[in-house]
Amino acid sequence: MSRPDFAHTDLGTLTSGDLRLLIENMPQPGDSYEAIAQVLETLPSTIESMLTSDYIYQLIHDRRQLMLGMSPFLLFSVLLRRSLGRPRTVLDRRVLNYLANLLALFVRTDRVFRVEPGDREPHHYVVELIAEADDADPRRAFVTYAHVGNYALWLTGLQMQWLEQRYHFGRRPISPDYYAGFGQSSFERAARHQLARGFGLDDVFMRLAVMFDHYRGGLATMQRDHLTGS
């Protein structure tokens, strides 16, 4: 069974260009032995530590108006760690990698509204998606529950201003909490689905269900502090 495009929780999505950017911009030691020793003590020893380092964040911050040649996955990997904090456990890292991959996919607006890339028609209403999932085959049900969770997290985290405007002034006022509730329950249903364990997503989805507000808050912080006006 093919792996869904959202089902990635490692750093394998980094491109060769991303790795080159990380390595070529690492701080260089000075001429003295003291300077060299100091850099060696603080030099990132793994890709994960590079993603949380000041030097790569500063590179993004200083040159955010320019084309850096980095993938969206690398950009979101760095900014999510700035907004949600340095990951402390393996599960923390896997959730952040999942979110970075998801946001890289959702850069394409057409992907936001499709359960899978090959879907012919977009979907805009979560109630219809849930109804479809209840009558679908196991794989389609699983990816639909996951998509509703993904969509709700993206919407309540990065599109809150639009949601609030629509809630207060729109013809069909739906509160952000409405979407958050669907997001939490859908992640939980996806986590309990038989395919979640096979794709290594059961613990990731359960974390997103239980801590939905924490992660949507992190996305909102990223939007406010690092993306708006960049």
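In the predicted model examined here, R216 has a relative accessible area of 14% and is therefore classed as buried. The side chain of R216 meets that of D213 in a salt bridge, with an N to O distance of 3.1 Å. Both residues belong to helix α14 (residues 212–227), where, being three residues apart, they are separated by about one helical turn. An α-helix has 3.6 residues a turn, so residues three or four places apart point the same way.

R139 is buried, its relative accessible area being 17%. Both E116 and R139 also take part in a network of salt bridges in which D119, E132 and R140 are linked with them. A further salt bridge is formed by D202 and R197, whose closest N and O atoms are 3.7 Å apart; here R197 counts as exposed, at 64% relative accessibility.

Another arginine, R81, is found in helix α5 (residues 72–84) and is buried, with a relative accessible area of 4%. When residues up to four places away in sequence are not counted, R81 touches L11, E48, L51, T52, R86, P87, R93, L96 and N97.

In soluble globular proteins, nonpolar side chains tend to be buried together. The largest nonpolar core of this model contains 66 residues, of which F6, L80, L99, F142, F205 and L208 touch the most other members. The largest share of this core, 12 residues, is contributed by helix α9 (residues 138–158). Leaving aside neighbours within four places in sequence, F6 is in contact with Y98, N101, L105, R111, F142, V143, A146, N150, L201 and F205. F6 is also a member of a cluster linked by ring pairs, together with Y98, F142, F187, F199, F205 and F212.

Over the whole structure, the search finds 11 aromatic pairs. Among them is the pair of Y178 and Y179, which is edge-to-face, with 5.3 Å from centre to centre and 90° between the planes. The two tyrosines are assigned to separate accessibility classes: Y178 counts as partly exposed at 31% relative accessibility, whereas Y179 is buried with a relative accessible area of 5%.

Helix α11 (residues 176–192) has 17 residues, which at 1.5 Å a residue should span 24 Å, and the end C-alpha atoms are 25 Å apart, in agreement with that expectation. The buried residues of α11 are P176, Y179, A180, G183, S186, F187, A190 and A191. Seen down the axis of α11, these buried residues fall within an arc of 135°, so they line one face of the helix. The face turned away from the buried side of α11 carries the exposed residues D177 and R192. F187, listed among the buried residues of this helix, also belongs to the aromatic cluster that includes F6 and F142.

Note on methods:
Residues numbered from 1 in each chain as written. Predicted model: local features only at pLDDT ≥ 70, side-chain atom pairs only at ≥ 80, totals over all residues. Heavy atoms only, no water. Phe/Tyr/Trp six-rings, centres within 6.5 Å; stacked < 30°, edge-to-face > 60°. Buried < 20%, exposed > 50% of the residue type's maximum accessible area, 1.4 Å probe, protein only. Core = buried A, V, L, I, M, F, W, Y, C linked by side-chain atoms within 4.5 Å. Helix = DSSP H or I, 4+ residues; strand = E, 2+ residues; numbered from the N terminus. Contact = heavy atoms within 4.5 Å. Expected span 1.5 Å × (residues − 1). Arc of directions from axis to C-beta. Salt bridge = Lys/Arg side-chain N within 4 Å of Asp/Glu carboxyl O.
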